[in-house]
Amino acid sequence: MSLIKIFDTTLRDGEQSPGVNLNKQEKLEIARQLERFGVDRMEAGFPASSKGDFEAVKAIADTIKNTSVIALARAVKSDIDIAWDALKGAEKPAIHVFLATSPIHMTYKLKKTPEEVMETAVSMVTYAKERFSEVEWSAEDATRSDWNFLAQIIEKVIDAGATVINLPDTVGYTTPKEYGELFRFIRETVPNIDQVALSCHCHNDLGLAVANSIAAVENGATQVEGTINGIGERAGNVSLEELAVAFKIRSDFYSFETGLKLNEIKRTSDLVSKLTGMYVQANKAIVGRNAFAHESGIHQDGVLKNAETYEIITPEMVGVSSNNLFLGKHSGRHAFKDRVKEFGIEFTEDELKQAFDQFKKLTDHKKEVTDDDLYTIAMEVKTDSSAVSKYQLENFQVQYGTENVPTATVILKTPAGDVVENSCSAPGSVEALYQTIDSLVEEDVKLVDYQLNSVGGGKDALAESHVQLVVNGETVNGRGSAQDVLQASASAFLNAVNRYIIKVKTIEKKELVK
Ligand code: KIV
Ligand code: ZN
């Protein structure tokens, strides 16, 4: 079995998904979980793109000790310098320098000749190598580049000190056969290729990202780049969990394995989905809600007789557990703390107090508090950036009756500390609530998307709401959870407005790469 290295870019390419804007705490929590999941490298962000990204990458670099932390940089000195500033505290820092090599990118985006691109790539890899012992170089849009040009530039950047060469399918255009052949060609043509790791990076525009990545590995790639749940720019990146499970389940056929701990898949997927607000579609392979559900009578009957009739993956393998341990009204602080610790979450005394108070409030209404509920509470507390003053929901009331027009009354505390109140009526309860909050916040707000889900099953399940707003022209996501659907909805709305405020206060003007 050959060990394939896993390069996770959930926090960089994944965070480029429209509307996703993770704060530093959220990124740190995801980074910790990626470390537990066993990724070999995590791309923590693009430090030169914004102050917020710089700080998040720095915090991750200073915290994560068992996984190499990598930062993205354009092929310009200032990006490389900023990346070094963010990463110098890391145990295993690495840089990822990219430059486009396709005719369309070189002509229209870079406005450079192939010779100029070659010279920039070599000089910037040389420059990066003065600081970093690990330098990955990416030929952006490799799959639409001239193969002979690729071979020449790769040979030169390896001579300049690159340790990893990545051939991204930036626009998700390639096919398994073609991508496999590209890797084979590069392996066979570039004389010094054996000195480096060869990496693939697939986008999923044609739904081929997993197949393309596997084809690359079969033809000499030793590293796969991707994200959790396949999130990312446009149709996203390759889903790492799908790739890893495919290698495991078809180990009779593939001679590749990864170092990922497969039983951490579910938790990692849930965390990323919760914090990014990007729900996983029910029928998604490996992590979708229906991935292990059997609907037809014939299938159910077969599974009861022998699970392997219709089940090729056990839920347990990927960390989906059926025997949830419940906590309840009588569970003490110790039991609560221990349970949360099993998720890998360490609380400070203050966080523990806040989380335990929320747990106790929940047990007033809910008999059995599940792991999912606990995880939701723990993450709310862990990822709250309470240092910045923002809007706080003091109180609200919604009157609804089948014969009445719903009316909401909301009392808010503003970031300036004023307490403001208003009431509005609208055809729906959530609409009335949102109109009222909208009338009280100073920012110009438009609701783009609203979602409501239950955390687990049962009539008394926690409600979790995700919204996408455009606040003063910027797209932001927000989330909120509560026992009551309206409270969860109000919290999600305010959470999005507050994220905008935090972003502005920390001058997070994010300029996305592509
Ligand atoms: O898809 C891509 O080309 C990228 C590069 C920055 C590596 O994400
Ligand atoms: Zn990408």
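**Binding-site residues and salt bridges in a predicted model**

The side chain of Asn237 makes a polar contact with the side chain of Asp13, at 3.0 Å. This structure is a predicted model, and the distances given here are computed from it.

Asp13 and Asn237 are two of the residues that UniProt, in an unreviewed entry, marks with the feature "binding site"; His201 and His203 are also listed there. These positions are spread over 225 residues of sequence, yet they cluster in space, with a largest C-alpha distance of 10.4 Å.

Asn237 lies in the loop between strand 8 (223-226) and helix 9 (240-249). Its relative accessibility is 1%, so Asn237 counts as buried. Leaving out residues up to four places away in sequence, Asn237 touches a set of residues that includes Thr9, Asp13, His201, Cys202, His203 and Asn204, as well as Gly226 and Thr227.

His203 sits in another loop, the one between strand 7 (197-202) and helix 8 (209-218). His203 also counts as buried, because its relative accessibility is 2%. The side chains of His203 and His201 are joined by a polar contact of 3.3 Å. Beyond its neighbours within four places in sequence, His203 is in contact with Asp13 and Asn237, and also with Asp169, Thr170, Gly172, Ala209, Glu233, Arg234 and Gly236.

The salt bridges come next; the model has 35 of them. Where do Asp371 and Arg339, which form one of these pairs, lie in the chain? Asp371 belongs to helix 14 (residues 371-382) and Arg339 to helix 12 (residues 333-342), 32 residues apart, so that the pair links distant parts of the chain. The closest N and O atoms of Asp371 and Arg339 are 2.7 Å apart. Both Asp371 and Arg339 are buried. Asp13 returns here as well: salt bridges with shared partners join Arg12, Asp13 and Glu43 into one network.

Two further salt bridges lie within single helices. Glu55 pairs with Lys51, with 3.4 Å between the closest N and O atoms. The two residues are about one helical turn apart, because they are separated by four residues in helix 2 (residues 51-63). Glu55 is partly exposed, at a relative accessible area of 31%, and Lys51 is partly exposed at 40%.

In helix 7 (residues 176-189), Lys177 and Glu181 are likewise four residues apart, which means about one helical turn between them. Their side chains meet in a salt bridge of 3.1 Å, N to O. Lys177 is exposed, with a relative accessible area of 62%, whereas Glu181 is partly exposed at 38%.

Methods: Residues numbered from 1 in each chain as written. Chains lettered and ligands numbered in written order. Predicted model: local features only at pLDDT ≥ 70, side-chain atom pairs only at ≥ 80, totals over all residues. Heavy atoms only, no water. Salt bridge = Lys/Arg side-chain N within 4 Å of Asp/Glu carboxyl O. Buried < 20%, exposed > 50% of the residue type's maximum accessible area, 1.4 Å probe, protein only. UniProt positions renumbered as here; feature names shortened; annotations may be inferred. Contact = heavy atoms within 4.5 Å. Polar contact = N/O pair within 3.5 Å; in protein donor to acceptor, adjacent residues only side chain to side chain.
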